Amino acid sequence: MQDNLPELRDIHLPDGVSAWPPAYGWWVMLAAVIAIFLIIKIVQKIIRKSRKKYALNLLAQCPLNDIFAAREMSVILRRICVLKYKSAAALFGQEWLNFLNAHAKHKLYGRTAELLLNAPYISPESNDYNSNEVDELREFCRDWIGENL
């Protein structure tokens, strides 16, 4: 019997499967994840813009220069806080004003701040506040809405 061992060779294993480049399915999955992420961001931006536009429309619909306008502005700011800052919705008085000023670039102070705090309690026949203060309050509300929505 002849020796067959010289004809045997070592077994060579094939090279391992490379992880790169990934298969087409992985590229499709990556594209789908990126597309979903972008769609979510676009929808969030649209919602944010629509909320801001709605709040600014409510502000524009307020009566021009009377105490009712100040009341409506106070309500609009409260509604925004109910939506965005849940804990701030229960604030009142100086704490409410401090919260608004903490979230605004331009601070509200003086008689205009008093108007915002006291507007729900002032009689419509009262002449304690003039139209300039209501205009300043409207400008503050417009800026605050722009910064916080």
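Visitor: How do the residues of the lining of the largest pocket divide into nonpolar, polar and charged?

Guide: The model is a predicted one, in which local features need pLDDT of at least 70, side-chain atom pairs count only at pLDDT 80 or more, and totals for chains, interfaces and linings use all residues. Residues are numbered from 1 along each chain as its sequence is written, and side-chain values use heavy atoms, with hydrogens and water left out. The lining has 3 nonpolar, 2 polar and 4 charged residues, where Ala, Val, Leu, Ile, Met, Phe, Trp, Tyr, Cys and Pro count as nonpolar, Asp, Glu, Lys and Arg as charged, and the others, Gly among them, as polar.

Visitor: Which residues line the largest pocket?

Guide: They are His106, Lys107, Leu108, Tyr109, Thr112, Glu136, Glu139, Phe140 and Asp143, and the largest share, 4 residues, comes from helix α5 (residues 131-148).

Visitor: Why are α3 and α4 called oblique to each other?

Guide: Helix α3 (residues 93-102) and helix α4 (residues 110-118) pack at an angle of about 120°. Angles under 35 degrees count as roughly parallel, over 145 as roughly antiparallel, 65 to 115 as roughly perpendicular and the rest as oblique, and α3 and α4 are therefore oblique.

Visitor: What makes the contact between them?

Guide: Gly93, Gln94, Trp96, Leu97 and Leu100 of α3 meet Ala113, Leu116 and Leu117 of α4, contact being heavy atoms within 4.5 Å. By class, this contact has 6 nonpolar, 2 polar and no charged residues.

Key: 1 Å grid on protein atoms, 1.4 Å probe; cavity = no way out; pocket = protein on both sides within 12 Å on 5 of 7 lines; lining within 4 Å. Helix = DSSP H or I, 4+ residues; strand = E, 2+ residues; numbered from the N terminus. Axes fitted to C-alpha atoms, helices over the stretch in contact; angles between N-to-C directions.
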